[in-house]
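Me: I've got a protein model open and I'd like to go through it bit by bit. Can you help me out?

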Amino acid sequence: MAPPSILVQRDYDDLSHAGADFVASIVAARPDATVLVATGETPMGLYAELALRQKAGTFDGSRLRVFQLDEYAGIADQDRRSLYGWTLRAFVDPLRIPHERVVRLPSRSDIPGGCAAYDRSVADAGGIDLAILGIGVNGHVGFNEPPSDRWTTTREVELTPETIRANTRYWGQEERIVRRGVTVGMTTLISARRVLLVASGTGKRDIVRRAMLGPVSAEVPASLLREADDVTLLVDRLAWNGMA
Ligand code: PGA
């Protein structure tokens, strides 16, 4: 366990390029790496940059093995809010990764059984080489809402009001608000060989500081990532010191 490396970029574009360089260097060393892939707005520029490089033939992510990070509970595949669907659109399909190489989380039937099967798949794959994660304004990673301790496994959770509010950014004010999620547990995230945590904009500044500089605590689940072997925080200036 080493202190996190902190990479501060000028703006969101630079963050996305630096994130793509980071992922590309891992994939160059290990083309069939196991990668946990977050949805959310922050990593979208990074994924778009990887997609451009894939198209240009300067990067090949097609052999990656992808693990889904989180999902809403009770959502059908065709629902536009499916996080599995978002993962396919943003990462898997642009990088031409066959869908058989994606390990999904359960969202509808037998969630406990599906979560246990997911954790077995992580173990069978030899663990996660790279976890690409965002951070919620309440300090969550995936849907590990506060408090989530370091021993949490993949499971169904109740979403906090902050997360439900933040998620209306993606889907608008839905009539039927989804209040429960399924998430990879902190124990898998902390065990990842590399963790890339991305954050952008002033709205994330306070929580980024608490996660990186405050006490390591289940109350700020992202702070527990400091117990991982190799963590890189990739932020723009706004998310680090509030200065453009
Ligand atoms: P965001 O989401 O990247 O859309 O800000 C981060 C998160 O809630 O984990």
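Me: How do the residues of the lining of the largest pocket divide into nonpolar, polar and charged?
Reply: Keep in mind that this is a predicted model. The largest pocket holds about 350 Å³ of space, and 27 residues line it. Sorted by type, that lining comes out as 12 nonpolar, 10 polar and 5 charged.

Me: Which element gives the largest share of that lining?
Reply: Look at the elements that give two or more residues to the lining: they are β4 (70-72), α3 (83-92) and α5 (161-171). With 6 residues, the largest share comes from α5.

Me: Is His-140 buried or exposed?
Reply: You'll find His-140 in the loop between β6 and β7, and it's among the residues that lie nearest the centre of the largest pocket. Its relative accessible area is 12%. Buried means under 20%, so His-140 counts as buried.

Me: Which side chain makes a polar contact with the side chain of His-140?
Reply: Leaving out residues up to four places away in sequence, His-140 touches Gly-134, Ile-135, Glu-145, Pro-146, Thr-163 and Pro-221. One of these has a side chain that makes a polar contact with that of His-140, at 2.9 Å, and it's Glu-145.

Me: And Thr-58, is that one buried or exposed?
Reply: Thr-58 is in the loop between α2 (44-56) and β3 (65-68). Its relative accessible area is 61%. The cut-off for exposed is over 50%, so Thr-58 is exposed.

Me: What distance separates the C-alpha atoms of Thr-58 and Ala-24?
Reply: Along the chain, Thr-58 and Ala-24 are 34 residues apart.

Key: Residues numbered from 1 in each chain as written. Predicted model: local features only at pLDDT ≥ 70, side-chain atom pairs only at ≥ 80, totals over all residues. Heavy atoms only, no water. 1 Å grid on protein atoms, 1.4 Å probe; cavity = no way out; pocket = protein on both sides within 12 Å on 5 of 7 lines; lining within 4 Å. Points joined across faces, edges and corners; volume = space filled by probe spheres on them. Helix = DSSP H or I, 4+ residues; strand = E, 2+ residues; numbered from the N terminus. Nonpolar A, V, L, I, M, F, W, Y, C, P; charged D, E, K, R; others polar. Buried < 20%, exposed > 50% of the residue type's maximum accessible area, 1.4 Å probe, protein only. Polar contact = N/O pair within 3.5 Å; in protein donor to acceptor, adjacent residues only side chain to side chain. Contact = heavy atoms within 4.5 Å.
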